[in-house]
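Here's a quick tour of a ligand site and some ring pairs. Have a look at the model first, then read on.

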Amino acid sequence: MQSINPSTGEVLGEVVESTQEQLRMAIDNARNAFNIWSDMAVSERIAYFDKFIENIVANKDKIASLTSQEMGMPLAQALVDVDGCIDYARHYARVAPKVLADVVTAEDDKSRHVVVSDPLGVLVVIIPWNFPLANIIWAAGEAILAGNTVVIKHSEQTPLFCEFVESNLTNVFPPGVINYVYGAGQVGQWLSEGDIDGIVFTGSTATGLSLAATAAKKFIPFIGELGGSAPGIVCEDADLEGVIDTIYFSKFINNGQACDAMKRLIVHKSLFDDVVDDLKELVESKKIGDATDKNTDIGPLVSEKQLQRLQIQYDDAIKKGAKLITGGPITDGRVGNYFKPTILTDITSDMLVWKEEVFGPILPIVSFETEQQAIDMANDTAFGLGAYIFTENADNFRRLARHLETDMVSQNNISYVRPENPFGGRKMSGNAKEHGIYGFTQVTRKKVISEAK
Ligand code: NAD
């Protein structure tokens, strides 16, 4: 497998794809390590995990620069993302003893009833490239702390990053606790068909549905964090100061490649022109360029394939009558997978930019007059991950939040993403809830032990 720098097209290196025999060995190693790892006291597992966190802290600059080089996240954002990973990992380690502790549910003179949190066993963890370290920590961090052993298949877009993590960050765990295999979709599929106890997946809805079917045949858990098409609703009473920056940040961070990015903007008619004008001005002030440059705001898309997907969605919108406010494809002498940050209006619900997940820097904007119209448009999607509402009125916010078919909603900000809150969606956005007590719950099973007295 070749690793390509999406900013320049340069080949960064090569990684050998794992064979089916190596996949079997990885699963066997995880199985062999499971008993010792799961029998350890939580405090012992935390001690290993803390060393992993120390490695992240010590390698922060290297992690950020590899992220920028291999998948195109602008360097300044990649540095912030590593800090976020450290916060999440520390939170998991902090809450693990309490969340994983045995719970005495009832006691009488004959019996004492205790509910224990057993790990699920050997978990396959299949993840994408868009936040290459965070995807590992979010998907596997709590699973490992809970006593599971894992086989991780990172994305084929970020194999060098994964090799770095394997050699320099997670090498502190006992052998077999974390195992890595390398390859694309076929390797993920083979892995999911192995002798495993659960699948933890982050990625597209199409792949998630296929893996969920594989898991169902074996009746093992499937934990899926899938795609999203989060709506942002700007209400009539929104205070536009601050809102424009938040919309920009939510949509265009990581070059528009975040699962819960604000992918459709729904603005009250009275504010529509102001929002479009202000966003246009802001977007046009941003610097597009090589992701490894610390002054870059918008870098390239991860791959030629993702660029082509975005181009198809863009062409479809323009063909069906969308109006280009700013941005569009880069047509002259393009090197790297760049697409300008783009704003489209005159959107109709049959356009791909409305119906599909847009994983790149295109923001479609529509207007509404009544609250019911805003709710209907927000819910007019197969996805149900996050949503953002801009209003100065708490009652408005709560009423709208209740009617949105998503599992996370923020008011005037992007505040719901925190290590204490469950992160995950409904509908075609999956069934997972990562972080805090919620994340531990999904990677453990509750066993009742009723002791005789
Ligand atoms: P993808 O589904 O193509 O790939 C994700 C992973 O699955 C990769 O490791 C890939 O090699 C593997 N894979 C592909 N086909 C497979 C198969 N048939 N069997 C097993 N494994 C297979 O997704 P992508 O395009 O790389 O990632 C972007 C998607 O991920 C977006 O839809 C985004 O919204 C989603 N995502 C969701 C979250 C979340 O928390 N909900 C977070 C990050 C990304």
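In the residue classes used here, Ala, Val, Leu, Ile, Met, Phe, Trp, Tyr, Cys and Pro count as nonpolar, Asp, Glu, Lys and Arg as charged, and the others, Gly among them, as polar. This is a predicted model: local features need pLDDT of at least 70, side-chain atom pairs count only at pLDDT 80 or more, and totals for chains, interfaces and linings use all residues. Residues are numbered from 1 along each chain as its sequence is written, and side-chain values use heavy atoms, with hydrogens and water left out.

**Around the ligand**
- The shell around the ligand has 12 nonpolar, 13 polar and four charged residues.
- In total, 29 residues surround the ligand, each with a heavy atom within 4 Å of it; the closest are Glu156, Ser204, Thr207, Leu226 and Glu357.
- A polar side-chain atom of Lys153 lies 2.9 Å from a ligand oxygen, and a side-chain N or O atom of Trp129 is also 2.9 Å from an oxygen atom of the ligand.

**Rings**
- The structure holds 12 aromatic pairs (rings of Phe, Tyr and Trp, using its six-membered ring, with centres within 6.5 Å; planes under 30 degrees apart count as stacked, over 60 as edge-to-face and the rest as tilted).
- Tyr248 and Phe252 are stacked because their ring centres are 5.3 Å apart and their planes are at 25°.
- Tyr248 is buried at 10% relative accessible area, and Phe252 is buried at 1% (buried means under 20%, exposed over 50%, partly exposed in between, with a 1.4 Å probe and protein chains only).
- Ring pairs also link Trp37, Tyr48, Phe49, Phe52 and Phe173 into a cluster.

Terms used: Polar contact = N/O pair within 3.5 Å; in protein donor to acceptor, adjacent residues only side chain to side chain.
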